[in-house]
Amino acid sequence: MVDQTTDTLPQRPAASRPAKTGFLGLKGSDATLLIVVAILTMCAPFLLNPFPETSSLAQFNAGYPDLMQRFVIFGIFAIGFNILFGLTGYLSFGHAAFLGVGSYAAIWTMKLVTLNIIPAIILGMIVAGLFAVLVGYVSLRRSGIYFSILTLAFAQMSYALAYSVLTPITGGETGLQIKPTDRPILSNLQDGEIGRANLFGLDMRSSFELDMGGWLFTFNIGYYIAAVVMLISFYVAIRIFRSPFGMMLRAVKSNQQRMSYTGLSPKPYTLAAFVISGMYAGLAGGLMVAMDTQVGPERMFWTASGEVVLMVILGGVGTLIGPVLGAGMIKYMENILSKINDNVLHQWFAFMPDGIEDFLVTVIHPFIGKGWHLTLGIVFMAVVIFLPGGLVELGQRIGRLFGFGKKADDSAAAKTPAE
Amino acid sequence: MSKSNFTRRGLLKTSAIAGAGLAVPTIFTGASWAGSHTGFTNAPEGSTVTLGFNVPQSGPYADEGADELRAYELAVEHLNGGGDGGMINTFSSQTLDGTGILGKQVEYVTGDTQTKSDAARASARSMIEKDGAIMITGGSSSGVAVAVQALCQEAGVIFMAGLTHSNDTTGKDRKANGFRHFFNSYMSGAALAPILANAYGTDRKAYHLTADYNWGYTTEQAVRESTEAVGWETVNTVLTPLTETDFSAYIAPVLNSGADVLVLNHYGGNMVNSLTNAVQFGLREAQANGQDFQIIVPLYSRLMARGAGENVKGIFGSTNWHWSLAQGFTTPDGTEVAPDPASAAFVKSFGEKYGFPPSQAAHTCYVQTLLYADAVNRAGSFNPCAVVEALEDFEFDGLGNGPTLYRGADHQCFKDVLVVRGKENPTSEFDLLEIVEVTPAAQVTYAPDHPNFGGAEASLGSCNPGA
């Protein structure tokens, strides 16, 4: 685990680190960031449901359990990916394989051992970590595009194996679920009862609904558990970013040769980063199973690996909060934009004259429903061209616009990795 | 410096907020998914009811998904009293009267399954959790159908499967809340074998190329077992990767294997490519064991036939439904089959709305929507358990496949299966297949505990109303 690297930080002499190491061993701006993220995730059911149920804008509400869970789970996945890509610059194109391996490990734990999610998630992390050691050991012998292709090859291999050859273990195309016949050792299910993922008896799908006027807010157990795990992962990521180990990873990114000439081998550092980010992926995979007890091989398909790359770039490579924002953005588009159809558009524009209404619907049609890929593509291009620093850069620019210049610059300096 | 010092005070504040946030939901663990006061998930309130149409809008089966969506929109229109009513008029159960379902206007939401089980489940969950859908339907592959069916079972809503042909959907992965109207691999094999024996003789040696995933396995098994039962011999079975686009390497050894029939257990793009390769290799003109070489495609769809073009001519396969039923046809042995009024009504209203005839995917989706609506009306309730009871062992007619039984033991429809052949002289791009024979339902019926369907272990479990 990463503890030994993070533990060293608070004991560092104050002289080498003028910034205060206060809250949980974080310096000021990082602590603020962590607290802001914590507040945002805890209040997500309110923040993501800004429109009343009955209004036509309710279509844009994202505050339902499944999507909120996906936001934080893919946030974890992207945070982990960013530790590798953002810090070392190694672009893995096969990270979905670790997500998938973690998921398979987690669901088998649930099918065989216990329906409690903790062992499942931990085993998911361990198995994904071991697999990352194997893949990393081979792939990290090369860098640049060769590394990307090697990881891609490993991931596609895993996908193909899961889809067909390993069908007895992975369930093939139809995947694995908890069945009525599954009787985990540590469970007391009645006959015919289908096991449900739980945390010491708390059902992941239990929700409390709060009806306030026209608004309906859903507080879901699964979401809050995933959110807490995300906050912990986020905290660990901050500690890694700020640790000497993180500095070494940045050194790998900026100039590997120079690093070797100073007598340091970059290999252990890159492998450690690779395994850590693989374990983050395994954690995300385990959580996915905990929230929704089903695994399919598509989870390891190369498009899934590409998606996490997009998330990180969209949000801001090498920044702390960027990957989470990117993950949220992509999942939002995938789940909200894809569900808008012509019918919905006609309802929105119903107040306009027929001709204009039809015209507007025709114009917007390619960008909604199945066209969400196109919209995402355009947004991605715009971000890469105009905001190379991703959504984080957008935030900084807006911040500067409103006169928080000094602060924004300060955090920019803190967030941008050494080039 | 404007940095604030977060120490004990900050920690206390944060933990208070986090603690409060955590405590809120844990106090109220009783309600799951949705309002518990109604007795079941997403009980419709007010004057409308919401159905979820979860179809592939992107990915390899996007075309089929688009056709499914057209059928759903048509079904909703008919249920709400619009259009000419389509098959509502020919349906043997007459509870549907154009006033929606149980007097509630039908509304719908759509989603994109991307033909990935994760995406399909995400989309279905958003329909259930956000839009309050009471029933989910659609899909164009068995992986998605099995995944979404399991989700609906957990969530306590009804799942009406779209196009899914693998035995598993109503076999080992059957669920009490899930229903399938479409036929399956076993039925394809059982329907094809006698006709193949008739057309090509009983002394045949078959070589199977099988797509390397669940559907491929069950289809190969079904065709192999049923053709072996009529005296054929299976020379070899070879698995091909799903992502393969060039099957030359797999087809080259076929001619020298001693086989005289090639069975392509492929679907979609796979089938289009493998059939094209096989024809390019001259297999159709070839001779083996003193007989003409033959090719068979167990599951046909119109979109596949269109993709393969000229190459499908004369090649046998099976299909769930075909729009030419609406016109009547003549079987090769000269029997005239009269037009089916139900199919005619469906083809007419679909054609008038969209300008071309519906595919089998559109048909099964339209029928599933009507069957669900009718079951709710007959049950007098949207409660999934009441709907399950109404659909189980329900016998109906007038939905295009003749007399049909929704078997209670596995929630599979039993009806006639169409054996089709690529048409020699197509008149349009939709007129690519001709019906050779309608295999009666009795011939394709199997026991619910058939070993290919999970055996005695497979069970539906009990219906789950959620909440």
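**Close-up 1. Pairing of strand 3 and strand 4 in chain B of the predicted model.** Strand 3 (residues 135-138) of chain B runs parallel to strand 4 (residues 158-161) of chain B, and four bridges join the two. Within this pairing, Gly138(B) lies opposite Ala161(B), a residue of strand 4 of chain B.

**Close-up 2. The open sheet of chain B, made of five strands.** The strands of this sheet in chain B are arranged in the order 2-1-3-4-5, with parallel pairing. From one strand to the next, the twist averages 20°.

**Close-up 3. The two assigned domains of chain B and their contact.** The domain assignment of chain B divides it into domain 1, which comprises 48-183 + 339-415, and domain 2, which comprises 186-319. The centres of domain 1 and domain 2 of chain B, taken over C-alpha atoms, are separated by 30 Å. To the contact, domain 1 of chain B contributes 12 residues and domain 2 of chain B contributes 13 residues. On the side of domain 1 of chain B that touches domain 2 of chain B, three residues are nonpolar, six are polar and three are charged.

**Close-up 4. Ser143(A) in a loop of chain A.** Ser143(A) belongs to the loop between helix 6 (117-139) and helix 7 (144-165) of chain A. With 17 other C-beta atoms within 10 Å, Ser143(A) is partly exposed. Thr262(A) is 119 residues from Ser143(A) in sequence, and the two are 20 Å apart in space, C-alpha to C-alpha.

Terms used
Residues numbered from 1 in each chain as written. Chains lettered and ligands numbered in written order. Predicted model: local features only at pLDDT ≥ 70, side-chain atom pairs only at ≥ 80, totals over all residues. Pairing = 2+ DSSP bridges. Axes fitted to C-alpha atoms, helices over the stretch in contact; angles between N-to-C directions. Buried ≥ 20, exposed ≤ 12 C-beta atoms within 10 Å, placed from the backbone. Domains from an automatic or database assignment. Contact = placed C-beta atoms within 7 Å. Nonpolar A, V, L, I, M, F, W, Y, C, P; charged D, E, K, R; others polar.
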